[in-house]
Amino acid sequence: MIKILLKILNLLYKKRCYFCGKSGDDSVMCSSCYNKVKYLPCKKFSTANAADVYCATVYRDLIKKLIRGVKYHNRRELAYFQAKIMYEYWKNLRISAEEFVIVPVPLFPKREKHRKYNHMLLVSKEFEKLTNGKCKTEEHIIKRIKNTKPQYKLTKKEREENLKDAFELVAGFEMFKDKNILILDDIFTTGVTLREMVKTFQSHGFENIVCFTTSCSEHAI
């Protein structure tokens with residue numbers, strides 16, 4: 001009788017895939033959906049103030065739902081899969097440096113307080129685990145000092161003005177100046193956010209900076 005009840009409970013509480021709704025893998029992202037991810041070619045996608053930019057996928061379909069789930073719908077458990085997708089792409093890149101300080105794009109404090117978390121910090125910490133310690137997340141190195149408007153509603157020119165001087169390095173940043181910096185973000189659209197962050201680092205003498213995003217918008221391809 002107890003065994004029967006346990007089987008019923010397992011069926012009732014088995015995790016369903018966030019994307020297809022099936023519960024066969026007992027995971028929020030089943031293997032079938034994960035294997036549908038389509039990667040971009042393993043090469044530099046763009047530059048941000050002379051820093052190389054890499055993008056793993058395109059922001060559409062399954063990837064769009066994944067990012068929006070983590071970012072807006074409090075599906076924090078999906079951060080692992082976002083990081084895993086990024087890492088699968090990252091490990092195939094021909095980048096000479098192996099060790100990086102991971103810097104997730106920061107949110108303005110008011111927005112982070114409202115959302116209760118920084119989605120890219122969650123992804124960064126999962127990415128760090130996947131590198132087996134070669135990359136370390138450092139969230140307290142740069143902060144957003146300007147309460148910017150949501151970028152998706154703005155033109156390129158408006159985005160540039162919106163993010164102008166939006167970031168500032170935090171006291172103690174000097175200890176990282178000789179390190180390789182890896183800026184992580186979810187979507188590359190016009191690259192304004194990355195350029196502003198890179199510019200802020202470069203203005204304080206940082207030289208070894210790489211940018212990496214989960215995806216790029218379709219019109220950025």
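For this tour, contact means heavy atoms within 4.5 Å. Keep in mind that this is a predicted model.

**Stop one: a helix pair.** Select α4, residues 79-90, and then α6, residues 119-130. Their axes sit 8 Å apart and the packing angle is about 50°, which makes α4 oblique to α6. As α4 goes past α6, the crossing is right-handed. Now show side chains at the contact: from α4 you want A79, Y80, Q82, A83, K84, M86, Y87 and W90, and they meet M120, L122, V123, E126, F127 and L130 of α6. Colour those residues by type and you'll get 11 nonpolar, one polar and two charged.

**Stop two: T131.** Move on to the loop between α6 and β4 (135-137), where T131 is found. Is T131 buried or exposed? Its relative accessibility is 5%, so T131 counts as buried.

**Stop three: T213.** Next, pick strand β8, residues 209-216, and zoom in on T213. T213 counts as buried because its relative accessibility is 0%. A polar atom of the T213 side chain lies 2.8 Å from the backbone oxygen of S215. Which residues does T213 touch, leaving out those up to four places away in sequence? Select Y54, C55, A56, M86, D185, D186, I187, F188 and L194.

Notes. Residues numbered from 1 in each chain as written. Predicted model: local features only at pLDDT ≥ 70, side-chain atom pairs only at ≥ 80, totals over all residues. Heavy atoms only, no water. Helix = DSSP H or I, 4+ residues; strand = E, 2+ residues; numbered from the N terminus. Buried < 20%, exposed > 50% of the residue type's maximum accessible area, 1.4 Å probe, protein only. Axes fitted to C-alpha atoms, helices over the stretch in contact; angles between N-to-C directions. Parallel < 35°, antiparallel > 145°, perpendicular 65-115°, else oblique. Left-handed = near helix turned anticlockwise from the far one by under 90°. Nonpolar A, V, L, I, M, F, W, Y, C, P; charged D, E, K, R; others polar. Polar contact = N/O pair within 3.5 Å; in protein donor to acceptor, adjacent residues only side chain to side chain.
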